[in-house]
Amino acid sequence: MNAMPQTVIVGASAAGLAVARCLEEAGRTPILLEAEAEIGTMWRNAYRRLHLHTPRWRSGLPYLPMPARYPRYPSRQQVVDYLEAYAAELETSPRFGTFVTAIRRDGARWSLETSAGTVDADNVVIATGNTRVPSRPAWPGRGEYGGKIIHSAEHRSGADFSGQSVLVVGFGNSACEIAVDLSEQGASPTLSVRGAVNVIPRELLGIPIVQFGVLQRLTSPQVSDVITGPILRAAIGDIGRLGLRQLPYGPAVQVAVHQQIPLIDHGTIALIRQGKVAVRPGIERFTPSGVVFADGSIADYDAVILATGFSPALGDLLCDVPGVLDTDGAPLVSGGVSAASGLFFCGFEVVPSGTLRQIGIEARAIAALIERRY
């Protein structure tokens, strides 16, 4: 691996593949490095019930729409199949099993230390995504708990917990879909919700909610929340009656300012109302058989699933490259010009209109920026 490639892309899931395709369309031949043995491992390893929250026609990557035979909200396996088909059209074959351990500035170029040796490049595109490292909070007494504790990244099916009482920690989209999965498979799920939340329907008036996310870009997030607030409240109802606290700002502000996606409800709220999914506050500490919640109540659980999110954790990858990451190791700029010449990030921005759509926008922009460098 001594050749001097023009562009190296780190990560061969949706973002990396999209950047590679856009560069190829511009006549460039990038090198695509992937740590795993196949593409799209996050999608492959996700829980089986997972579906896109964005409609098929807004989720295709550049130059290849998702198949028209797919349903409105494609399944996990359909996304995997699509990514495989997308990769098959590339002239660039990913170098699988190639771990990138460090990225450093080397004069006017970049040097990447990998499990297969050193790779030098004029441009580096980091496309490892926001789900690189699972976040696993620590609580007092966790080591004493006798039940099973897994992260949502390790969850496969609610059938594995049939007949069990399961605490799901979190109230994001993964947490709530896992709760539905558990309920459907005969488990008794409880959601531990630490803070205030926003809930929006997956569809509003028969229109996918992400369509409204695109429209929200025409005005400020604050104005968007004022306009859509009454409609959303009518669609969802009073979540306070369900033991949930409403955030003091709306979903548009939550995405644009706080870079967090609200719960896009696809059945969880109905199950809570029906008593099939319980809601409890945040965890204070673990006991040998369960947890003590923040309100002092105690409950026993057979298992705990931590739907506590992920971290990009890029600080461990980028060595002595100032001005490109925030304090949490996330890129300050995704899909644009970073503070380091020739260094780009794709797929890290949280938007209301859908991650895959945003990846396509960013991939095209990065390819154009690289072209301008030459």
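**Strands, a pocket and a buried threonine**

Strands β17 and β18 form a hairpin with 3 residues between them. The model is predicted; local features need pLDDT of at least 70, side-chain atom pairs count only at pLDDT 80 or more, and totals for chains, interfaces and linings use all residues. Residues are numbered from 1 along each chain as its sequence is written, and side-chain values use heavy atoms, with hydrogens and water left out. Strands (E, at least two residues) and helices (H or I, at least four) are DSSP runs numbered from the N terminus. Two strands pair if DSSP finds at least two bridges between them.

Ile 283 has Phe 293 of β18 as its bridge partner. Another 3 bridges join β18 (residues 290-293) to β19. Here Gly 290 is partnered by Asp 300.

Strand β20 (residues 303-306) is covered on both faces. Ala 303 and Ile 305 lie on one side, Val 304 and Leu 306 on the other, and all are buried (under 20% relative accessible area, with a 1.4 Å probe and protein chains only). In a regular strand, side chains alternate between the two faces of the sheet. Strand β9 (residues 148-151) runs parallel to β20 and is joined to it by 4 bridges. Lys 148 stands opposite Ala 303. Strand β10 (residues 165-169) is also parallel to β20, with 4 bridges. Val 168 has Ile 305 as its bridge partner.

The second largest pocket has a volume of about 290 Å³. A pocket is an open set of points on a 1 Å grid over the protein atoms alone, where a 1.4 Å probe fits, with protein on both sides within 12 Å along at least five of seven lines. Its volume is the space filled by probe spheres set on the points. Of the 16 lining residues, the closest to the centre are Asn 198, Gly 229, Leu 232, Arg 233 and Gln 246 (lining means an atom within 4 Å of a point). Helix α6 (residues 221-236) gives the most to this lining, with 5 residues.

Thr 92 is found in the loop between α3 (76-88) and β3 (95-96). Thr 92 is buried, with a relative accessible area of 6%. A polar contact of 2.6 Å joins its side chain to that of Glu 24. Such a contact is a pair of N or O atoms within 3.5 Å; within protein, one must be able to donate a hydrogen and the other to accept it, and residues adjacent in sequence count only if both atoms are side-chain atoms.

Technical notes:
Buried < 20%, exposed > 50% of the residue type's maximum accessible area, 1.4 Å probe, protein only.
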